[in-house]
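Please keep the structure in view while reading.

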Amino acid sequence: FVNATRNIPILNKLTEALNINESIKFAMENDYIQVLDQTVEEDDLKVVVDSMLVDEKSIYVFYNVYSNDEKLNPADYIVSASLPNEDDGSLSLQSPSDDYDMIEYVFIDGTDISTYSSFYMDVQHRGQILHVELPIDTSKIAKKKEVKVNQTIDIEDQKLTIEKIEIYPLSLRIYVQEDENNRYMLAHPKFTLTINGEKIERFGLLALNDVYFIDTPYFISDDFEIILESVELIEKPGIVTFDIESEILYDPTESVELVEAGYDEYGGLDIIIKNKITPREDSNQLLFAEDDSTATYWMTHYPKEGKIVYNEFHFSKETVENTDQLTFTLNIGKIVEINEKLKVK
């Protein structure tokens with residue numbers, strides 16, 4: 001496919017999109033691309049749109065922005081996008097190669113892009129705005145395929161239900177629902193797609209409103225499987241309190257402990273709290289103040305104890321004078337390996 005497109009001017013650059021994710025590769029190989037070759041310019045600012053991919057819920061636009069005929073980086077300009085009278089889509093901007101930039105515009109519920117005939121981009125650079133209207137060829141928008149799953153998975157006595165799967169040309173969407181009686185929140189589930197036994201990789205996993213996006217097998221007729229590899233169990237926020245009068249910290253989970261509490265010369269209160277459970281490197285700190293405060297974090301290393309994380313909170317005099325108790329939320333998480341195959345056939 002890459003070799004075949006070398007002689008097609010508009011598609012030359014887009015062959016590099018094959019390195020972005022498999023969904024784009026599948027769509028391009030199945031003639032799903034809408035070639036535009038559209039230029040809008042005013043004064044020294046110019047926007048060149050090569051083409052786009054569109055399904056009922058997503059739009060990928062491949063384009064470049066120039067100032068004085070010099071290609072700008074995404075950090076040099078601001079881009080916004082919308083459908084006519086519809087601006088609730090989620091917009092992400094990528095620069096997958098030196099040759100072009102790309103926006104991904106996604107809707108979760110309600111909006112059906114196939115009912116629209118145009119798509120708008122606004123590009124702003126140094127106070128100048130270019131308005132770009134892109135025609136949508138609705139004849140090239142294929143309908144989604146939906147699979148009812150209703151499969152409940154038990155993860156250390158926590159229940160996660162996979163309700164359904166929607167298969168679009170540009171993404172596969174997995175709808176999940178947690179049991180309200182779960183002790184833990186089930187976060188960051190890792191789903192993977194395998195086609196003919198080969199694992200398909202995508203850079204990142206988009207998650208919006210309990211909907212998880214992975215690459216799509218839409219154009220593939222052979223066997224495919226979706227696997228839930230792992231999930232992070234995060235204990236539902238516990239409440240940690242500090243009694244101002246007695247200067248005692250109450251933590252029902254025994255995950256943190258008070259190191260020091262004292263007042264500054266202005267009547268503000270400083271509290272240092274130690275995390276007894278060390279957060280993972282890729283997670284946030286365990287403790288968050290619900291009252292107005294400023295916070296700093298630091299770590300120390302001891303040969304036998306490993307890394308210890310400290311939280312220092314400063315509360316103003318006004319905050320301290322207007323409450324008897326300071327409150328914090330506490331989150332504790334761990335990753336559980338699952339490797340559960342979803343029943344999608």
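## A stacked pair of rings

W298 is partly exposed, because its relative accessible area is 33%, a value that lies between the limit of under 20% for buried and over 50% for exposed. The model in which this residue is seen is a predicted one.

A pair of aromatic rings is described by the distance of the centres and the angle of the planes. W298 forms such a pair with Y310, and this pair is stacked, with 5.5 Å from centre to centre and 15 degrees between the planes. The two residues belong to distant parts of the chain, since W298 is in strand β23 (residues 294–302) and Y310 is in strand β24, twelve residues apart.

## Other rings and the charges over them

The structure as a whole holds eleven aromatic pairs. In one of them, the rings of Y218 and F219 have their centres 5.2 Å apart, and because their planes stand at 70 degrees, the pair is edge-to-face. Y218 is buried, with a relative accessibility of 12%, whereas F219 is partly exposed, with a relative accessible area of 22%. These two residues, together with Y32, form one aromatic cluster.

The ring of Y218 also has a charge over it, for the charged end of K145 sits there at 4.3 Å from the ring centre. A further example is given by R173, which lies over the face of Y168, at 5.1 Å from the centre of that ring.

## Salt bridges across the chain

How many salt bridges does a search of the whole structure find? The search finds 13, among them one between K46 and D69, whose closest N and O atoms are 3.6 Å apart. This pair links distant parts of the chain, with K46 in strand β2 (residues 45–54) and D69 in the loop between β3 (58–67) and β4 (70–71), 23 residues apart. D69 counts as exposed because its relative accessibility is 65%.

K71 and D101 form another salt bridge, in which the closest N and O atoms are 3.5 Å apart. Here too distant parts of the chain are linked, as K71 is in strand β4 and D101 is in strand β7 (residues 101–106), 30 residues apart.

The side chains of E229 and K190 meet in a salt bridge at 3.5 Å, taken from N to O. E229 lies in strand β17 (residues 224–235) and K190 in strand β13 (residues 184–195), so that this pair, 39 residues apart, links distant parts of the chain. E229 counts as buried, because its relative accessibility is 15%, whereas K190 is partly exposed, with a relative accessible area of 40%.

Salt bridges can also be traced through several residues, and K144, E146, K148, K164 and E166 are linked in a network of this kind.

## A buried polar contact

N311 is found in strand β24, which covers residues 306–315. Its relative accessibility is 0%, and therefore N311 counts as buried. The side chain of N311 is joined to the side chain of N275 by a polar contact of 3.2 Å.

Technical notes
Residues numbered from 1 in each chain as written. Predicted model: local features only at pLDDT ≥ 70, side-chain atom pairs only at ≥ 80, totals over all residues. Heavy atoms only, no water. Helix = DSSP H or I, 4+ residues; strand = E, 2+ residues; numbered from the N terminus. Buried < 20%, exposed > 50% of the residue type's maximum accessible area, 1.4 Å probe, protein only. Polar contact = N/O pair within 3.5 Å; in protein donor to acceptor, adjacent residues only side chain to side chain. Salt bridge = Lys/Arg side-chain N within 4 Å of Asp/Glu carboxyl O. Phe/Tyr/Trp six-rings, centres within 6.5 Å; stacked < 30°, edge-to-face > 60°. Lys NZ or Arg CZ within 6 Å of the ring centre and 35° of its normal.
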